[in-house]
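Visitor: I would like to go through this structure and ask what stands behind each label.
Guide: Go ahead.

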Amino acid sequence: MLQRIQSVFLFIAAMLSGLTWLFPVRRWALDEAAVVYQPSGVFMADGTPLADAALPIPYAVLHTVVAVVLLVAVFLYGNRPRQARVVRGGWLVSLLAGVLQFISSNSLDAYLGEGTKAAGTYGASFFLPIGVVVFAILAERAIRKDEQLVRSADRLR
């Protein structure tokens, strides 16, 4: 059912995952320039890609896949065990993307800090995968609770 609390949690988690496209993961202020680390790549402040530092994984694609998977999970309410497995897979991929973004951020920090003083600040896209994981886990718990309620009602009949 679409009016259940897990649907609200899944919509919020999908929205947070989609918002990673809009905000930077990290921003560095170098001596004469600035570097912005977006989930889609590493760019100079004027928008030109930084050729020396390419991302090993397109994190924007991972976040988009997570958003789509969580939106699809909303409509799997007829089969709650499958819905719970899909949600768990979604938050695991989001957690993996967040960890890999952190590792890439530290790697870029070390690369940009060579020879110059690079002051970096974290952006919203660094923290959004944490929110995705939290809301997806809350949704999974609500799905499991609904499944237990249905099973207990079946035992009473």
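Visitor: Why is Phe 127 called partly exposed?
Guide: Phe 127 has a relative accessible area of 46%. Buried means under 20%, exposed means over 50%, and partly exposed is in between, with a 1.4 Å probe and protein chains only. The 46% of Phe 127 is in between, so Phe 127 is partly exposed. Phe 127 is found in helix H4; helices are DSSP runs of H or I with at least four residues, strands are runs of E with at least two, and both are numbered from the N terminus.

Visitor: What should I know about the model itself?
Guide: The model is predicted, so local features need pLDDT of at least 70 and side-chain atom pairs count only at pLDDT 80 or more, while totals for chains, interfaces and linings use all residues. Residues are numbered from 1 along each chain as its sequence is written, and side-chain values use heavy atoms, with hydrogens and water left out.

Visitor: How many aromatic pairs does a search of the whole structure find?
Guide: The search finds five. Rings of Phe, Tyr and Trp (its six-membered ring) pair if their centres lie within 6.5 Å; planes under 30 degrees apart count as stacked, over 60 as edge-to-face and the rest as tilted.

Visitor: Why is the pair of Phe 102 and Phe 126 called tilted?
Guide: The ring centres of Phe 102 and Phe 126 are 6.0 Å apart, within the limit for a pair, and the planes stand at 50 degrees, which is neither stacked nor edge-to-face, so the pair is tilted. Phe 102 lies in helix H3 (residues 80–112) and Phe 126 in helix H4 (residues 124–156), so this pair ties together parts that are 24 residues apart in sequence.

Visitor: What makes Tyr 122 and Phe 126 a tilted pair?
Guide: Tyr 122 and Phe 126 are 4.2 Å centre to centre, with 35 degrees between the planes. Ring pairs link Phe 102, Tyr 122, Phe 126 and Phe 127 into a cluster.

Visitor: What sits over the ring of Tyr 122?
Guide: The charged end of Arg 26 does, 4.4 Å from the ring centre. A charge sits over a ring if NZ of Lys or CZ of Arg is within 6 Å of the ring centre and within 35 degrees of the ring normal. Tyr 122 is partly exposed at 35%, whereas Arg 26 is buried at 7%.

Visitor: Which residue forms a salt bridge with Arg 26?
Guide: Asp 109 does, at 3.7 Å, N to O. A salt bridge is a side-chain nitrogen of Lys or Arg within 4 Å of a carboxyl oxygen of Asp or Glu, so the 3.7 Å of Arg 26 and Asp 109 qualifies. Arg 26 is in strand S1 (residues 26–29) and Asp 109 in helix H3, 83 residues apart. Asp 109 is partly exposed at 25%.

Visitor: How many salt bridges are there by this rule?
Guide: The count is six. One of them joins Asp 146 and Arg 4 at 2.7 Å, N to O. Asp 146 lies in helix H4 and Arg 4 in the segment before helix H1 (5–19), so the pair ties together parts that are 142 residues apart in sequence. Asp 146 is buried at 12%, and Arg 4 is partly exposed at 30%.

Visitor: How do you know that Glu 140 forms a salt bridge with Arg 88?
Guide: The closest N and O atoms of Glu 140 and Arg 88 are 2.8 Å apart, so the pair meets the rule. Glu 140 is in helix H4 and Arg 88 in helix H3, 52 residues apart in sequence. Glu 140 is buried at 9%, while Arg 88 is partly exposed at 30%.

Visitor: Why is His 63 called buried?
Guide: The relative accessible area of His 63 is 1%, which is under the limit for buried, so the label applies. His 63 is found in helix H2 (residues 59–74). Leaving aside neighbours within four places in sequence, His 63 is in contact (heavy atoms within 4.5 Å) with residues including Ser 17, Pro 39 and Pro 129.
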